[in-house]
Amino acid sequence: MSMSTSRIARAVAAKDLRIELRSRVVTNQVLPFSGLVMVMFAFALDNDDVLQRVAGGLVWLATLFSLFMLVQRTFAVETYDGALDSLRVAGVNPQGIFLGKSFALFVQLLVLESVLFVAAVVLYRVNVNGSGVVLLVTCVLCATAGLAFVGTLYGGLTAGARGRETLLPLLLLPVVAPVLICATRATESAFRSGGVTVGEGWPWVGVLAVFAAVFGLGGLLSFGSLIEE
Amino acid sequence: MSAHSVINFVDAVAVYNGYPALAGVTLSVERNEIVLLQGPNGAGKSTLLRACAGLMPVIRGTAHVLGYDLTVDRESVRERVGLLGHQNGLFGELTIAENVSFWSTVVGASAEERTSAMERMAIDGKLAERRVSELSAGQKRRCALACLVVRRAELWLLDEPHAGLDAKGRDEIDRIVKEAAASGATVVVASHEIERAQQLATRTVSLIAGQVRESQ
Amino acid sequence: MNTETQTFTGVGTPATRLYGLMAIVALGWVLLGGLFFTPEDAVQGDAVRIMYVHVPTAWIAYLAFIVTGVASACWMIGKKHSIGFDRVAGASAEVGVLFMAMTLLSGSLWGRITWGTFWVWDPRLTTTAFLFVTYIGYLAVRGLGGTAHQRARRSSVIALLAVLEIPLVHFSVVMWRSLHQRATVLSPDGDIKMDGIMLFTLLCGVFGFSVLFAWLVSHRQRIMAMKDAQQTTAIDVAVTERLKEAQS
């Protein structure tokens with residue numbers, strides 16, 4: 001009576017997104033937090049030219065800070081009433097759970113990043129046009145896929161037992177460093193900050209795509225082991 | 001103890017954080033039995049149920065459930081076993097119907113099975129549309145049982161299913177358990193409700209300090 | 001299931017004593033030679049002496065990482081899931097973290113003397129810093145508790161994910177730093193032309209630290225084996241006590 005991975009993934013993703021739509025934790029808590037972070041950056045850096053120059057990096061930094069909240073939220077939903085345990089006991093295919101939760105996290109991250117990019121345009125006065133937009137969109141999709149896979153994977157390990165949630169930043173930050181480096185460079189190309197051309201951004205997007213592929217596959221293979229007790 | 005025992009533990013030891021929650025359990029459960037597991041708090045009833053579900057590692061002795069050797073592989077058995085623990089495993093922001101629908105999708109149950117599960121739990125249309133977070137403990141329990149029923153498990157493991165329910169709720173649990181056994185499942189119920197459960201169970205097993213004391 | 005019963009009297013064996021001795025001799029030479037008998041470098045002056053420590057510890061840091069990865073893979077692939085592999089992985093990670101810290105420290109000091117700054121975003125140094133933090137995370141995951149099998153399963157997955165992650169980190173940092181290419185590429189690790197007694201001392205260092213690594217890992221994983229055996233005994237005792245409790 002085992003179900004196909006894709007059906008499980010779809011059910012899990014739909015469930016997560018429906019819960020978010022009802023509870024509005026991302027829209028009411030995480031988005032305002034990330035917006036505030038963008039404002040705080042302006043307070044700290046206090047220089048319009050600098051802000052415009054580093055806007056790409058700030059957007060991705062704010063994304064990473066919010067990533068922890070999103071990951072913890074997506075697993076809090078499971079552990080609150082022991083649902084993750086029940087999923088394990090039911091013998092539900094962990095790969096399906098991994099793909100479903102990654103997709104839901106991907107969608108939430110995209111919403112978050114859209115808001116952050118708008119904030120960057122407004123607060124830091126960057127602008128994007130033409131081929132820059134194509135680069136930016138591709139960069140965002142690849143980077144977000146990587147973050148969603150990695151967040152779900154390590155989030156699964158640190159969910160549940162007390163004293164584990166604090167492990168999440170320690171484990172996650174080194175792993176997402178390549179995403180930060182590459183996404184920032186690609187975004188700066190898209191914004192044409194500091195004279196960088198759009199063409200120079202594409203190699204970075206290539207690395208982001210490799211990252212997403214590696215951790216998508218790695219996650220599929222290892223998620224089951226990491227949520228196991 | 002026959003070759004077709006559903007549960008067959010011999011001197012099983014399960015440890016949690018260095019503490020032997022099960023300190024040598026010898027237990028045999030046959031098909032279609034309804035076994036009441038009783039014992040004081042801390043005796044290891046929950047651990048025993050979790051061990052049967054393959055959630056806790058058994059580090060000593062033998063432990064076979066539905067023919068699977070749990071000391072070697074505790075994951076394959078899970079598809080055929082249903083556990084209702086202290087928590088319900090529900091999603092608070094979703095309605096009962098959505099919860100049951102989710103569980104039936106991930107275990108591959110059909111729409112008819114889903115409807116029938118809700119009927120067996122006496123969940124009518126109006127109740128099904130309410131969010132789980134707004135329900136009483138008894139209603140949540142029934143929802144959790146509906147999610148369990150939809151899995152068509154061969155072995156049901158219920159940890160204090162009567163807890164927090166009124167008399168009517170408890171009667172319904174008993175009815176559901178009897179129906180499950182009648183349709184071929186084996187049920188192990190851990191409960192403090194001694195008098196009630198003795199009407200319900202075919203056999204009572206006492207668990208004290210991680211071992212089975214007596215079996216009637 | 002098997003209960004291992006092993007008797008331990010000490011963690012040293014003739015083999016470990018032998019290579020312990022070799023490590024002392026080699027590192028003794030590095031200490032004396034590095035400080036006194038080797039000449040200063042034409043370009044770097046006395047700062048080059050740090051290289052006798054920095055280069056070997058950097059090499060060992062990466063070796064430890066590889067050993068942990070390979071041992072984790074061996075644990076995973078073997079049907080018996082022999083716990084010895086997991087112990088080696090854990091011991092190598094612990095010792096590796098030590099060597100990574102030494103690498104970062106010595107590299108940092110070298111930078112202070114040569115360039116005037118404690119840190120520079122050199123790709124290898126930066127990747128070592130990431131390796132360091134990643135392995136601290138790995139050791140934290142090892143400390144999460146559970147049976148030896150549970151610990152081994154989780155840790156081996158995390159170690160293999162780290163094997164995937166570190167090259168990606170390194171590659172990204174290399175690409176990143178190539179944007180800021182300096183004219184004089186004087187890095188703490190390569191491009192040092194050494195010969196004669198300097199090269200000999202460097203190789204002594206590599207040999208000595210490698211043997212030291214092997215010595216430390218052997219002892220550490222034996223201590224882990226003892227600890228696991230102790231845990232098994234503790235469970236036996238706890239079970240017996242619990243049985244008594246039931247009878248009272």
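This is a guided tour of a predicted model, chain by chain and contact by contact.

**Stop 1: chain A as a whole**

Select chain A and colour by secondary structure. From the N terminus on, the order reads α-α-α-α-α-α-α-α.

Now switch to the C-alpha trace. Along its principal axes, the trace of chain A spans about 60 × 30 × 30 Å. What radius of gyration does chain A have, and does the globule rule agree or disagree? Chain A has 18 Å; a compact globule with 229 residues would have one near 17 Å, so the two agree.

Colour chain A by burial next. Of its 229 residues, 53% count as buried. Then look at the contacts in chain A with a separation of 6 or more. Residues 24 or more positions apart account for 85% of them.

**Stop 2: the loop at A:D46**

Stay on chain A and zoom to A:D46. This residue sits in the loop between α2 (25-45) and α3 (48-79) of chain A. A:D46 has a positive phi of about 50 degrees, yet it is not a glycine. Most residues other than glycine have a negative phi.

Is A:D46 buried or exposed? A:D46 counts as exposed, because it has 9 C-beta neighbours inside 10 Å, and 12 or fewer is the cut-off for that class.

**Stop 3: where chain A meets chain C**

Show chains A and C together. Here 19 residues of chain A are in contact with 19 residues of chain C. On the chain A side, select α7 (167-191) and α8 (202-227); each supplies at least two residues to the side that touches chain C. Which element of chain A gives the most to that side? It is α7(A), with nine residues.

You get 13 nonpolar, three polar and three charged residues.

**Stop 4: a helix pair in chain C**

Select α2 (residues 51-77) and α3 (residues 83-114) of chain C. Their axes come within 7 Å and cross at roughly 155 degrees. How do α2(C) and α3(C) run, roughly parallel or roughly antiparallel? The angle is over 145 degrees, and α2(C) and α3(C) are therefore roughly antiparallel to each other.

Look down through the pair. α2(C) passes α3(C) in a left-handed crossing. The residues of this helix contact divide into 19 nonpolar, nine polar and one charged.

**Stop 5**

**Stop 6: the loop at B:R152**

Finish on chain B at B:R152. Find it in the loop between α5 (137-149) and β7 (155-159) of chain B. B:R152 is not a glycine, but its phi is positive, about 50 degrees. How exposed is B:R152? B:R152 is partly exposed, because 18 other C-beta atoms lie within 10 Å; a residue needs 20 or more to count as buried.

Conventions: Residues numbered from 1 in each chain as written. Chains lettered and ligands numbered in written order. Predicted model: local features only at pLDDT ≥ 70, side-chain atom pairs only at ≥ 80, totals over all residues. Contact = placed C-beta atoms within 7 Å. Helix = DSSP H or I, 4+ residues; strand = E, 2+ residues; numbered from the N terminus. Nonpolar A, V, L, I, M, F, W, Y, C, P; charged D, E, K, R; others polar. Rg over C-alpha atoms; globule rule 2.2 N^0.38 Å. Axes fitted to C-alpha atoms, helices over the stretch in contact; angles between N-to-C directions. Parallel < 35°, antiparallel > 145°, perpendicular 65-115°, else oblique. Left-handed = near helix turned anticlockwise from the far one by under 90°.
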